[in-house]
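Welcome, and please open the structure in your viewer.

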Amino acid sequence: MSTLVVNEPFDITAIRSDFPILSIEVNGKPLVYFDNAATTQKPQQVIDALVDYYSHYNSNVHRGVHHLSQVATDAYEGARLKMAKLLNAPSASEIIFTRGTTESINLIAFSFGEAFVNEGDEIIISAIEHHSNIVPWQMLCLRKKAVLKVIPVHDNGELDLEAYQELFSNRTKLVAVGHISNALGTINPIADMIRMAHKYSVPVLIDGAQGLPHGRVDIQALGCDFYCFSGHKMYGPTGIGGFYGRIELLDQMPPYQGGGEMIKEVTFAGTTFNDVPYKFEAGTPNIADAIGLKAAVDYLETISWEAIEKQEHALLLYATEQLIREGGITIIGTAPDKASLISFLIDGIHPLDAGTILDHFGIAIRTGNHCTQPLMDRFCITGTMRASFSFYNTFEEIDSMMTAIQKVKQMFL
Amino acid sequence: MTIADKEEQLINEFTLFDDWMDKYNYIIDLGKSLPMIDEKLKTESNLIKGCQSRVWLSAEFDGKVINFTGDSDAVITKGIANLLVRTLSGHTPDEILEADMGFVDKIGLKEHLSPTRSNGLVSMIKQMKLYALAYKTKASLNA
């Protein structure tokens, strides 16, 4: 067992008991859930918030004079305010709710593209992006005859910042990079990258799907122009997420979808659009899940970001140490600054084979290309095994994974 | 032996295993020991794409029956692919088209044929049936 201990107030037993799913069994074994980068489990507080909304104040927002509509609107807008505070956004109207990071990036790629991108212009992304931060830009480039440029990655999973600087030209319109790589765990130096881009007056979008769940993010300190997030990766419900967008840019961007809520006045001669954020939220929003997301953030704040970061870092170090000690394992992504996820291969064993057997031991990891095919090509592999840890995971669970890995080796080698 | 007979035989074979590990060890042995596809046939056009494990499938029709060969880079997938190939090879296009492959469920490997596994086996069965349909059509045109 590890000698790493966390601060007193961090009571792992109490925390685990907040997550009902963590006490279930899979294939007759206690669930070891190491697929947190795909989605995190939900604390009872989030589940209760959803039930409470549907049981006591379900109503459409922004348009009812009646009591329930007012309560629901206050709660929904309260969720927006919560996200603005979490991100330290200057104003709550700069928080747009969407279904998640993927929809956020698609919305921005469309609307920003309509406003600012023309034939021959350039968008910069990186070689370690999730498909969600590649394909929307490819679609934009196709539509506008623009050019996609890619920051290369070093062998250890760090971005090549010298090459990054050389990608800028007077045609560069936007940089879109991930905060944390979902496949390698690399924490990109986004503050530096944003500063560099701003030297060329180029706005920056950060894909924060893997960033926000792991630590404090301060939009104003970073200076980024867009920051996208997914609720379900930060202990909130599925189907809710959003992004921060700098108001000066949002004001110039046309709506993404038309419908109710996003309009000021509609006549058959023409329509005037509502102000941000409503301009980008056509139709009835996902009220319940926005409220659930607020409950998730409230919950995380009771634990404290410092404790979360500390525990997750300790888990990362312990797992890395155990995998290295085990031998016959190749870790893919060895950047010095990593979030709590490890991509690895057991030498000579296909990740799918290993993952299948681990599942029979109740251990949930992810196998495959992690929606990063170009990155897998870069490393000449078809996929990896990925264990991603949350603060609710334990060192004993890592020990269980190691025991299962030894069984896998016995079976296949 | 009909396809149904072969399926019955496999079901009987698998009832001998006490636990899941024995079953997997057997499949792993199948995947490891049996030479499957000729290296020459591991071509891009024989590759079933979009899956976590790569699966190759090739078919030959002698005018009467189809013989399949297949392979995979993942051992469990290869072992199960081997069972599929063994079951359907040597049968006529009509027999293959009618086969329900219910044995996979009965031997407790259904999870491996779910689309969420994305191991290529679902596509492999589809592809085997497509070969049968194609050869059947071709044969009827030549007749």
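## First stop: two helices of chain A

Select residues 67-87 of chain A, helix α3, together with residues 287-303 of chain A, helix α10: their axes come within 9 Å and cross at roughly 45 degrees. This is a predicted model, where local features need pLDDT of at least 70, side-chain atom pairs count only at pLDDT 80 or more, and totals for chains, interfaces and linings use all residues. Residues are numbered from 1 along each chain as its sequence is written, while chains are lettered from A and ligands numbered from 1 in the order in which they are written.

Helices (H or I, at least four residues) and strands (E, at least two) are DSSP runs, numbered from the N terminus. Axes are lines fitted to C-alpha atoms, for helices over the stretch in contact, and angles run from 0 to 180 degrees between N-to-C directions. Angles under 35 degrees count as roughly parallel, over 145 as roughly antiparallel, 65 to 115 as roughly perpendicular and the rest as oblique; α3(A) and α10(A) are therefore oblique to each other.

Now show the side chains. From α3(A), A72(A), A75(A), Y76(A), G78(A), A79(A), K82(A) and L86(A) meet I287(A), A290(A), I291(A), L293(A), K294(A) and V297(A) of α10(A) (contact means C-beta atoms, placed from the backbone, within 7 Å). By class, this contact has 10 nonpolar, one polar and two charged residues (Ala, Val, Leu, Ile, Met, Phe, Trp, Tyr, Cys and Pro count as nonpolar, Asp, Glu, Lys and Arg as charged, and the others, Gly among them, as polar).

## Second stop: another helix pair

Next, select residues 351-360 (α12) and 395-412 (α14) of chain A, whose axes come within 10 Å and cross at roughly 125 degrees. That angle makes α12(A) oblique to α14(A). Look for D353(A), A354(A), I357(A) and L358(A) in α12(A), which meet A404(A), K407(A), V408(A), M411(A) and F412(A) in α14(A). Seven residues of this contact are nonpolar, none polar and two charged.

## Third stop: where the chains meet

Color by chain. The contact takes 13 residues from chain B and 12 residues from chain A. On the side of chain B, α2 (20-33) and α3 (75-88) are the elements that give two or more residues, and α2(B) gives the most, with four.

## Last stop: all of chain A

Zoom out to chain A, with its 14 helices and 17 strands. Along its principal axes, the C-alpha trace of chain A spans about 75 × 55 × 35 Å.

Methods. Two residues are in contact if their C-beta atoms, placed from the backbone, lie within 7 Å.
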